[in-house]
Amino acid sequence: MIETKIRKVGNSAVMTLTTEMLAILDAKEGDSLFVLRGDDGSLKIAAHDPTLAEALAAAEVVMDENRDLLQALA
């Protein structure tokens, strides 16, 4: 577990990400991060959009199921 502090900047609350946290996320300054809310009220920070990953996985399934048809169309 990594502890961090919340501080006030202008009208916003800001959480500082340590170098260790950025390394775990494989992120750097200027990157976009995605925050997901869990069913239990927890928050998860991800460096990649999980909805995009789900859509790509679904598309891969469809492409695998229809490989011959897609190959004929190409």
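**Entry 1: salt bridges**

I begin with the term I needed: a salt bridge is a side-chain nitrogen of Lys or Arg within 4 Å of a carboxyl oxygen of Asp or Glu. I note at the outset that I am reading a predicted model. With that cut-off in hand I looked up Glu3, and I found that Glu3 forms a salt bridge with Lys5, where the closest N and O atoms are 4.0 Å apart.

How many salt bridges does a search of the whole structure find? I count 3 from that search, and I went on to look up the others. Lys28 forms a salt bridge with Asp31, and their closest N and O atoms are 3.4 Å apart. Here Lys28 is exposed at a relative accessible area of 57%, whereas Asp31 is partly exposed at 34%. Asp64 and Arg67 meet through their side chains in a salt bridge with an N to O distance of 2.8 Å, and I recorded Asp64 as partly exposed, its relative accessible area being 43%.

**Entry 2: the order of helices and strands**

Next I turned to the chain as a whole, in which I find 3 helices and 4 strands. Reading along the sequence, I wrote down the pattern β-β-α-β-β-α-α. The chain is more spread out than a compact globule, because its radius of gyration is 19 Å, well over the 11 Å that the globule rule gives for 74 residues. I also noted the box that the C-alpha atoms fill, which is roughly 60 × 30 × 25 Å when taken along the principal axes.

**Entry 3: burial and contacts**

What share of the 74 residues in the chain is buried? I read a value of 7%. Among the contacts in the chain with a separation of 6 or more, residues 24 or more positions apart account for 2%. For the surface, I noted that the chain exposes about 6,700 Å², of which carbon and sulfur atoms supply 57%.

**Entry 4: the hairpin of β1 and β2**

I then followed strand β1, residues 6–9, which is joined to β2 by 4 bridges, the two strands running antiparallel. Within this pairing I found Val9 standing opposite Ser12 in β2. The hairpin has 2 residues between its strands, and Gly10 takes a positive phi near 65° there.

Met15 also belongs to strand β2, which covers residues 12–15. At 39% relative accessibility, Met15 counts as partly exposed, and I met this residue again when I looked up a nonpolar surface patch of about 570 Å². The patch is made by Ile6, Met15, Leu33, Val35, Leu43 and Ile45.

**Entry 5: Glu60 in helix α2**

Which helix holds Glu60? I placed Glu60 in helix α2, which spans residues 50–65. Glu60 is partly exposed, with a relative accessible area of 47%.

How values were computed: Residues are numbered from 1 along each chain as its sequence is written. This is a predicted model: local features need pLDDT of at least 70, side-chain atom pairs count only at pLDDT 80 or more; totals for chains, interfaces and linings use all residues. Side-chain values use heavy atoms; hydrogens and water are left out. Buried means under 20% relative accessible area, exposed over 50%, partly exposed in between (1.4 Å probe, protein chains only). Patches are made of residues with over 30% relative accessible area and no salt bridge: like charges are joined within 9 Å, nonpolar side chains (Val, Leu, Ile, Met, Phe, Trp, Tyr) within 5 Å. Accessible areas come from the Shrake-Rupley method with a 1.4 Å probe; for residues, only the protein chains shown count as cover. Two strands pair if DSSP finds at least two bridges between them. The radius of gyration is taken over C-alpha atoms; the globule rule is 2.2 Å times the number of residues to the power 0.38. Contact means heavy atoms within 4.5 Å.
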